Amino acid sequence: MQTTLNLVGEIPHQIGNFHKMIMLNLSHNSLTGPIPPTFVNLKQIESLDLSYNKLSGDIPSQLVELTFLSDFNVSFNNLSGRAPPRVAQFGTFDEYSYTRNRFLCGDPLPKCTDTGSPPPKPDSSIDNDEGNGLIDMGVFHVTFIVSYTVMLSTVAVVLYINPYWRRVWFYHAENAVTFCYYFVLDSILLRRFPCGNL
């Protein structure tokens, strides 16, 4: 039987003292806080996976000095700022190494690339998993009103042009009104005034 531990808290900066470490995988935990800059001391490391945590802050730019690094993944975190410059080994990592960090920008990510504008500030009240669920309410309202207007106009035009459908529609509308009238009469008035004492 395999036991899985869920690590919490910040990554200890002392990990940077393990100079001969070749691989470090801390993915799928609940680690918080920044990526320790001491990771730059892991000169022999070839694989660094910190994905699926709750890490925040910048990715230390000093990590570009890790010349043996062939696998780097910090996706699905709360990282912000700019991705490390695409030099040395970091020139080989694509956007999938950084995906689902809403406030991370810069090459190779599609947003904020070479704009010179500062990256957006993270909002601590927004959970990491809600990133793709946001809706522009202004666009939603305009789309809803336009769709509703087009639908009503289409129904009105069809009823105006086609007399058969117009008769059917009025027949069903009259039945619905009659049903509602007697339902209200039965449900409210007759129960409130039994024995016909209206």
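Is Glu-65 buried, partly exposed or exposed? In this predicted model, Glu-65 turns out to be partly exposed, at 44% relative accessibility. Its salt-bridge partner is Lys-43, with the closest N and O atoms 3.7 Å apart. The two residues sit in loops, Lys-43 between β3 (30-33) and β4 (47-49) and Glu-65 between β5 (54-57) and β6 (71-73), so the contact ties together parts that are 22 residues apart in sequence. Lys-43 is partly exposed as well, its relative accessible area being 37%.

The count of salt bridges comes to two. The other pair brings together the side chains of Arg-86 and Asp-107, again with 3.7 Å from N to O. Here, too, loops are what get linked: Arg-86 belongs to the loop between β7 (78-82) and β8 (103-105), and Asp-107 to the one between β8 and α1 (137-161), so this pair ties together parts that are 21 residues apart in sequence. Arg-86 comes out as partly exposed, with a relative accessible area of 34%, and Asp-107 gets the label partly exposed at 38%.

The peptide bond running from Asp-107 to Pro-108 is cis, with omega near 15 degrees, and Pro-108 is found in the loop between β8 and α1. Most peptide bonds are trans, and most residues other than glycine have a negative phi. On the phi side, two residues are worth a look. His-28, not a glycine, has a positive phi of about 60 degrees; it is placed in the loop between β2 and β3 and is exposed, with a relative accessible area of 53%. Tyr-52, also not a glycine, has a positive phi of about 55 degrees. This tyrosine is found in the loop between β4 and β5 and counts as partly exposed, at 37% relative accessibility.

As for the overall layout, the protein chain has two helices and eight strands. Read along the sequence, the pattern goes β-β-β-β-β-β-β-β-α-α. Three of the strands make up an open sheet, in the order β2-β4-β6 and with parallel pairing. β2 (23-25) and β6 are the edge strands, each pairing on one side only. From one strand to the next, the twist averages 10 degrees. Strands of a sheet pair through backbone hydrogen bonds, in either a parallel or an antiparallel sense. Between β4 and β6 the parallel pairing runs over three bridges, and Ser-47 has Asp-71 in β6 as its bridge partner.

The surface carries a nonpolar patch made of Met-137, Phe-140, Phe-144, Ile-145, Tyr-148, Met-151, Leu-152 and Val-155, which together have about 800 Å² of accessible area. One of these residues, Met-137, lies in helix α1 and is partly exposed, with a relative accessible area of 43%.

Taking the chain as a whole, the accessible surface comes to about 13700 Å², and 62% of that belongs to carbon and sulfur atoms. Buried residues account for 28% of the 198 residues. Looking at contacts between residues at least 6 apart in sequence, 41% join residues at least 24 apart.

Definitions and conventions: Residues numbered from 1 in each chain as written. Predicted model: local features only at pLDDT ≥ 70, side-chain atom pairs only at ≥ 80, totals over all residues. Heavy atoms only, no water. Salt bridge = Lys/Arg side-chain N within 4 Å of Asp/Glu carboxyl O. Helix = DSSP H or I, 4+ residues; strand = E, 2+ residues; numbered from the N terminus. Buried < 20%, exposed > 50% of the residue type's maximum accessible area, 1.4 Å probe, protein only. Patch = residues over 30% accessible without salt bridge, like charges linked within 9 Å, V, L, I, M, F, W, Y side chains within 5 Å. Areas by Shrake-Rupley, 256 points an atom, 1.4 Å probe, with all protein chains shown as cover. Pairing = 2+ DSSP bridges. Axes fitted to C-alpha atoms, helices over the stretch in contact; angles between N-to-C directions. Contact = heavy atoms within 4.5 Å.
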